[in-house]
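The points are grouped by topic.

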Amino acid sequence: MLADAKPIREQRGDVRDALSGVLPASSGPVVLRGLVAHWPMVAAARESVQAAVAYLQGFERREAPPVVATVAAPETGGRVFYNGDLSGFNFRQERIPLRAVLDTLLKYAEHPSPPMIYVASTTIETWLPGFHDANGLALEGRDPLASIWIGNRTRIAAHQDVPDNIACVVAGRRRVTLFPPDQLRNLYIGPLDFTPAGQAVSLVDFSAPDLERFPRFAEAMRHAQVAELEPGDAVLIPSMWWHHMEGLEPFNVLVNYWWRDAPDWMDTPMNVLMYALMTLRDLPPHERETWRDVFRHYVFEAGADTAAHIPEQARRVLSPLDEGRARDLRARLLKRINR
């Protein structure tokens, strides 16, 4: 079914200057071929797995804490997922030095059926100081969080992230499958508060979709966009776009940059959703409809006239928020929740 997906659009021209044409990310996802092809890390990866591992180990901070490595049996096929009844997961996590992870990946690079080994979202400056100086990406005044992902053939179920994201393949190859945010209903998302890696994920196995159990997934695939990325390629994944990530080689490294075009003091909307589940979802239907109108008025359709009838100095939380007002509001909410 993945063969039916449309290709992710690609940015043409001088890709090193291409970011100015795709940021902000509101115009949708885009593949940036060769965006980081000039990085020394990419050159090492193109030489060999051994050269890529040696290059990374050259930056390793010896006194750094262990990384969290996700490990699973070969029978999982690299799928980072739940166990059969969703009471737990199909992997275990170990805290081990990054050097040991890299050595183990190198050891299994030629193995026909290796265990899955995966280090997710590791802060570059904490474990590999100096790497970003040699392999950097400027994002027009933004100050993104730069993370590195290292593993072998892994499959990360479709999920959403709140920040915008540029994901750069620097070793191996990856298949990226994207869905617009409005495909939530058709992707059969699992538990919100018990997840393999922090974000709720699709329960559909993309390698063998079960359309009897998940019939609406066929509709989701009509909206899918897919690309295979080589070392040096990148993909811009806008906020809240569903993305399924698959490592296609025995050794894969991805560097990604997360940022939000929003003030730092803004909290994640997921906290609002969780609180709404507790306070709104199980109300009688007519009360839920009333609250739908309240949210529409004060949040989703708010404008200059929403509080125009209130004197400006008296608008309080209806005024434009800043860090100070947000801090006061957070304190008030915590007091109410904990009483």
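In this predicted model, Arg 33 and Glu 10 form a salt bridge, with their closest N and O atoms 3.2 Å apart. The pair links distant parts of the chain, 23 residues apart. A search of the whole structure finds 18 salt bridges.

**Arg 33 and Glu 10**
- Arg 33 lies in the loop between β2 (30–32) and α1 (40–47), and Glu 10 in the loop between β1 (6–7) and β2.
- Arg 33 is partly exposed, at 26% relative accessible area, and Glu 10 is partly exposed as well, at 28%.

- A salt bridge joins the side chains of Arg 173 and Glu 228 (3.2 Å, N to O).
- This pair also links distant parts of the chain, 55 residues apart: Arg 173 is in the loop between β9 (164–171) and β10 (174–179), Glu 228 in strand β11 (residues 225–229).
- Arg 173 is partly exposed at 24% relative accessibility, and Glu 228 is partly exposed at 34%.
- A network of salt bridges links Arg 173, Arg 175, Glu 228, Glu 246 and Glu 249.

**A pair within helix α6**
- Glu 219 and Arg 222 form a salt bridge, the closest N and O atoms being 2.8 Å apart.
- Both residues lie in α6 (residues 217–222), three residues apart, about one turn of the helix.
- Glu 219 is partly exposed at 31%, whereas Arg 222 is exposed at 57%.

**Buried side of helix α3**
- In α3 (residues 98–107), the buried residues are Leu 98, Val 101, Leu 102 and Leu 105.
- These residues lie on the same side of α3 because they cover an arc of only 95 degrees around the axis.
- Their cover includes α2 (49–57), β3 (67–72), β5 (92–96), β6 (116–123), α4 (124–127) and β7 (145–151).

Definitions and conventions:
Residues numbered from 1 in each chain as written. Predicted model: local features only at pLDDT ≥ 70, side-chain atom pairs only at ≥ 80, totals over all residues. Heavy atoms only, no water. Buried < 20%, exposed > 50% of the residue type's maximum accessible area, 1.4 Å probe, protein only. Helix = DSSP H or I, 4+ residues; strand = E, 2+ residues; numbered from the N terminus. Arc of directions from axis to C-beta. Contact = heavy atoms within 4.5 Å. Salt bridge = Lys/Arg side-chain N within 4 Å of Asp/Glu carboxyl O.
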